[in-house]
Amino acid sequence: MSGINKLSQFSSMEYWSKTKVLLALRCIHAYRLYRSGVRGRKSVGMEYGKVVHSYVERVSKGELCYKDVPIRYRKPLFNYAKFLSENELSFPNFVEYEIGRDNSVDIGGRSFIGKIDAVWVRGSSGVLVDYKTGYRGKLLEDFEFELQLYSYMFKEVTGINIVRYGVVFLSSGVWDFKVNRGDYSVMYSYLEKLDSVMGSSGDVEYSDRCLDCVFRDVCNISLRHRYDILSKII
Ligand code: SF4
């Protein structure tokens, strides 16, 4: 825990999100690119996911009926409805609960912001859900980090204790839930790793992780690697 109490050189003026943490842990150079305003290549899956998220939100809020949703987006919605009914959850009290700059949460000297997909609240306790449209090999521990982070932030902002949290995979209809016993160890361990990454020299070399990196077409390290290969061939 001691590591996360250190203020890093970047922390004082900066707002952090789970995306930024995961990016910095994957590659500090990707984080630097993101921080300087560079955005990576968007995949078709990401675009599809955004549309599905918006339909789930609008149907959950009662702004849209299931039958008004285009057919290609209905299966994820059907899976979501099945998840709700099998877990005896009706309307969430919060759909897309946003923690922004005005109510950001301080954790270990860093200010965190984020968008939580949905929370059901009964009395002083709640169930927090993150829905995903696809599963593309992301570490399961990353989900745990995200869920612990959001549960912690939600409690800090609202005073409501998240007693269960989980992920629903909308394309397959599979979900995975856990009882939250106030254990935020994964969140803290990720933030400790972040402190160590931010405190390191930050030298980065080309590696296998570059192959599916969204920045590979704009990153100078990846481009230089491609150039070196080409110049050997030609
Ligand atoms: S292409 Fe490689 S070095 Fe460049 S940002 Fe991505 S992971 Fe980092």
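1. Let's begin with helix α1. The buried residues of α1 pack against several elements: β1 (15–16), α2, β5 (114–122), α5 and α6. Helix α1 itself covers residues 18–26, and Lys 18, Val 21, Leu 23 and Ala 24 are buried in it. Please keep in mind as you read that this is a predicted model.

2. An α-helix has 3.6 residues a turn, so residues three or four places apart point the same way.

3. Helix α5 runs over residues 140–158 and helix α6 over residues 185–199; their axes lie 8 Å apart and meet at an angle of about 105°. Angles of 65 to 115 degrees count as roughly perpendicular, so α5 is roughly perpendicular to α6. On the α5 side, the contact is made by Glu 141, Glu 144, Phe 145, Gln 148, Leu 149 and Tyr 152. Helix α6 answers with Val 186, Met 187 and Tyr 190. Sorted by class, this contact has six nonpolar, one polar and two charged residues.

4. Now for the ligand. Which residues are the closest to it? Among the 13 residues that surround the ligand, they are Cys 27, Ala 30, Cys 210, Cys 213 and Cys 219. Two elements give two or more residues to this shell, α2 (28–35) and α7 (220–233). Helix α2 gives the most, with three residues. By class, the shell holds nine nonpolar, two polar and two charged residues.

5. Glu 88 is not a glycine, yet its phi is positive, at about 50°. You will find Glu 88 in the loop between α4 (74–86) and β2 (94–99). Is Glu 88 buried or exposed? A residue with 12 or fewer other C-beta atoms within 10 Å counts as exposed; Glu 88 has 7, so it is exposed.

6. Glu 96 also deserves a look, with a positive phi of about 50° although it is not a glycine. Where is Glu 96 found? Its place is in strand β2. Glu 96 counts as partly exposed, because it has 16 C-beta neighbours inside 10 Å.

Notes:
Residues numbered from 1 in each chain as written. Predicted model: local features only at pLDDT ≥ 70, side-chain atom pairs only at ≥ 80, totals over all residues. Near = placed C-beta within 6 Å. Helix = DSSP H or I, 4+ residues; strand = E, 2+ residues; numbered from the N terminus. Nonpolar A, V, L, I, M, F, W, Y, C, P; charged D, E, K, R; others polar. Axes fitted to C-alpha atoms, helices over the stretch in contact; angles between N-to-C directions. Parallel < 35°, antiparallel > 145°, perpendicular 65-115°, else oblique. Contact = placed C-beta atoms within 7 Å. Buried ≥ 20, exposed ≤ 12 C-beta atoms within 10 Å, placed from the backbone.
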